[in-house]
Amino acid sequence: MNLVLDPQAPLFADVAGDIDVSFEFFPPKTEKMEETLWESIQTLSPLGPRFVSVTYGAGGSTRERTHNTVARIARETPIAAAAHLTCVEATREEIDAVANEYWAAGVRHIVALRGDPPTAGAKYATHPGGYENAAALVAGLRRLHPFEISVAAYPECHPDSPDATHDLDNLRRKIDAGANRAITQFFFEPDTFLRFRDDAAAAGIDAEIVPGIMPVMSFAAVQKMSAMCGTAVPGWMARLFDGLDDRPAARQLVAATLAAELCRKLYAGGVRQFHFYTLNRAELSYAICHLLGVRPTDPAKEKAA
């Protein structure tokens, strides 16, 4: 799908503020990182996100920290909190117990994932007595409580999928099992998402598919993450970030511009929901939302914060 944008239109003038956003964080490892996380949550909260999600380490390595962070968001903020939950290194009974703990803590939204092997580069294997994949996990969660459930989608195909058709079949199984929406892996070209959305619709998937947006904090880190998950990094991105390693402020300006322009083109393609991978830093995501017309729902609260 090719986008046609009016080159004479003022930047972002066609964005009407009718956008829903959500944000992803990871559980902090240190007291300083926890301060940064909560500063970020306080900064982004006035934008009225649909939800914020908190990731879950390989093999459940961050299980307690994830639970504590999600429970605190649910307890101390007006934001709906979503907890990531994976199938890795746990039996069904252990995963069900974690899900029940979330429900008891007031968490009503789970991001259900198969998860990655705890050893990098190892082939994924179902844990004995565990859920075999994300679709089975979704079905298991549906049996426990009426959770809102999000799952993952891969516009450039999951590394373990033999082809795009197999990948879409797997997504349809997750939706059929009871997932409410899919959130995509990050990508850098608008057509990557728009083609995937159209292919999913053609495959009979009618659930909401939300693009995952990754503002670039570090180009080297993005290259590393992209290589691990099969995301294509366009050559023009390398040229734009070249020479900015020692200029963090300039790098942030470039990153915000690129991510906002990606979102603007997706908006022109009919997208109205965006999920931002914040890496626990608020300013880039806040700036992008501002450009997209997403403003504080209560300016007085933001001023007080």
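Is N280 buried or exposed? At 3% relative accessibility, N280 counts as buried, where buried means under 20% relative accessible area, exposed means over 50%, and partly exposed lies in between, with a 1.4 Å probe and protein chains only.

The views below come from a predicted model, in which local features need pLDDT of at least 70 and side-chain atom pairs count only at pLDDT 80 or more, while totals for chains, interfaces and linings use all residues. Residues are numbered from 1 along each chain as its sequence is written, and side-chain values use heavy atoms, with hydrogens and water left out.

**Figure 1. The chain as a whole.** The secondary structure of the chain comprises eleven helices and eight strands, where helices (H or I, at least four residues) and strands (E, at least two) are DSSP runs numbered from the N terminus. Of the 305 residues of the chain, 49% count as buried. Among contacts between residues at least 6 apart in sequence, 80% join residues at least 24 apart, a contact being heavy atoms within 4.5 Å.

**Figure 2. The surroundings of N280.** N280 is placed in the loop that runs between strand 8 (273–277) and helix 10 (283–291). When its neighbours within four places in sequence are left aside, N280 is in contact with F25, F26, T36, L37 and S40. In helix 10, the buried residues are L284, S285, Y286, I288 and C289, and just after helix 10, G293 takes a positive phi of about 90°.

**Figure 3. Helix 3 against helix 4.** The axes of helix 3 (residues 92–104) and helix 4 (residues 134–144) come within 11 Å and cross at roughly 50°; such axes are lines fitted to C-alpha atoms, for helices over the stretch in contact, and the angles run from 0 to 180 degrees between N-to-C directions. Helix 3 and helix 4 are therefore oblique to each other, given that angles under 35 degrees count as roughly parallel, over 145 as roughly antiparallel, 65 to 115 as roughly perpendicular and the rest as oblique. The crossing of helix 3 with helix 4 is right-handed, a term used if the near helix is turned clockwise from the far one by less than a right angle, with left-handed used if it is turned anticlockwise. On helix 3 the contact is made by R92, I95, D96, A99 and N100, and on helix 4 by L137, L141, R143 and L144. Sorted by class, this contact has five nonpolar, one polar and three charged residues, with Ala, Val, Leu, Ile, Met, Phe, Trp, Tyr, Cys and Pro counted as nonpolar, Asp, Glu, Lys and Arg as charged, and the others, Gly among them, as polar.

**Figure 4. The surroundings of A112.** A112 lies in strand 4 (residues 109–113) and, at 0% relative accessibility, counts as buried. Not counting residues up to four places away in sequence, A112 touches L85, A134, L137, V138, L141, I149, S150, V151 and A152. A112 and A136, which are 24 residues apart in sequence, lie 9.7 Å apart in space, C-alpha to C-alpha.

**Figure 5. Helix 6 against helix 9.** Helix 6 (residues 190–202) and helix 9 (residues 248–268) pack at an angle of about 35°, with their axes 9 Å apart, and their crossing is right-handed. The contact is made by P190, F193 and L194 of helix 6 together with L262, K265 and L266 of helix 9, and by class it has five nonpolar, no polar and one charged residues. T192, also placed in helix 6, counts as buried at 13% relative accessibility. Leaving aside neighbours within four places in sequence, T192 is in contact with P155, E156 and F187.

**Figure 6. Helix 7 and what covers its buried side.** In helix 7 (residues 219–229), the residues F219, V222, S226 and C229 are buried. They cover an arc of only 95° around the axis, which puts them on the same side of helix 7, the arc being that of the directions from the helix axis to the C-beta atoms. The face turned away from this buried side carries the exposed residues A220, K224, A227 and M228. The cover over the buried residues of helix 7 includes strand 6 (181–186) and helix 8 (235–241). Just after helix 7, G230 takes a positive phi of about 80°.

**Figure 7. The surroundings of Q185.** Q185 is found in strand 6, and, with neighbours within four places in sequence left aside, Q185 is in contact with A153, Y154, P155, G212, C229, T231 and Y277. The C-alpha atoms of Q185 and C157, which are 28 residues apart along the chain, are separated by 9.3 Å.
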